[in-house]
Amino acid sequence: MTVRPALALASVLLLAACGSGTVDSSGSGGPSDNRAGMTPVRSFASVAGTYWGRNATGPRPMVASEQAIEVHDKGFRIWVGCNVIEVTARVKDRLLVVDSLTTTDLACAPELMAQDEWLADYLTKSPQIDAGGPMLGINWNEGWLGFEKSERAFPGPGPSPSAPSGSAAVDALREFEGMYQSSNLAKAPRPMAPVTVGLSIRGDALILNAGCNTLSGRASIVGGRLVFAEPGLMMTEMGCEAPLMKQDAWLAGLLASKTTTIERVADKLILGWPDGAIEFTRTGDVLLPSGDPDEPVVGTPSS
């Protein structure tokens, strides 16, 4: 398999860094099992580096924003959309023990400032720190934060530069934020292979996988239709069965054609086109195969 270099953030959310954990009956405060291939971190020095948010099912509902964490041998600093939380800590018996915690004092949107406050509180509740490959996770019984190692610099305090406030088109897409899987392919514009299509929307990042390659890009809703920001919709370059690869190319062209509508009807999310639609149901446990995006997709559906 040949994969070309990734767009800086197009891989956000391709994989859930953690799976479902079970409650620790010992009362220690941390999860009792590992999460989806992750193992407990024994020292911060072993996972030093900068990581960017890849997935989150936080202990409380997360405000739409990116996330970043920078780990050093004495602890870490973390950012989830507003202030930077600086943590001096150690790992004891698999769990985080905080020695000191400070935050910057920047005024942001009230919901982001509230998120900083509860996250700072939850960091003192002895979460488990897990790692696996380039992934890093902070796990509580009530939820988790997932990150992927990145060359991207850790941000200063303040809102995410990639999701400026006041953008109605981007904010409109955030209304659909979540993870979904296909529930009805019968209405698709053409017959599809019997696979489960995974869809993830976080902020302005949209990611879709139909059993082979992963399609990803930053999008907004303009005139009721999805429009991808430069460099456009990206697709990995993985070798799969020919019918799935052909289906990927067709889906890529369809999504990039600027004819895609998105709406929520009852408990369904629907991606629609003039000649059909794909229905999705929300799920908190969709795992999308990893892979780096290749090149921008031309906005014409393949035949």
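Glutamate 279 and lysine 187 form a salt bridge, with their closest N and O atoms 3.3 Å apart. A salt bridge here is a side-chain nitrogen of Lys or Arg within 4 Å of a carboxyl oxygen of Asp or Glu. Because glutamate 279 lies in strand β18 (residues 276–282) and lysine 187 in the loop between β10 (178–184) and β11 (198–202), the pair ties together parts that are 92 residues apart in sequence. Strands (E, at least two residues) are DSSP runs, numbered from the N terminus.

The model is predicted: local features need pLDDT of at least 70 and side-chain atom pairs count only at pLDDT 80 or more, while totals for chains, interfaces and linings use all residues. Residues are numbered from 1 along each chain as its sequence is written, and side-chain values use heavy atoms, with hydrogens and water left out.

Glutamate 279 is buried, at a relative accessible area of 15%, whereas lysine 187 is partly exposed, at 48%. Buried means under 20% relative accessible area, exposed over 50%, and partly exposed in between (1.4 Å probe, protein chains only).

The structure holds five salt bridges. Two others among them are these:

| Salt bridge | Closest N and O atoms |
|---|---|
| Aspartate 99 and arginine 90 | 3.1 Å |

Aspartate 99 is partly exposed at 45% relative accessible area, and its partner arginine 90 is partly exposed at 40%.

Technical notes: Helix = DSSP H or I, 4+ residues; strand = E, 2+ residues; numbered from the N terminus.
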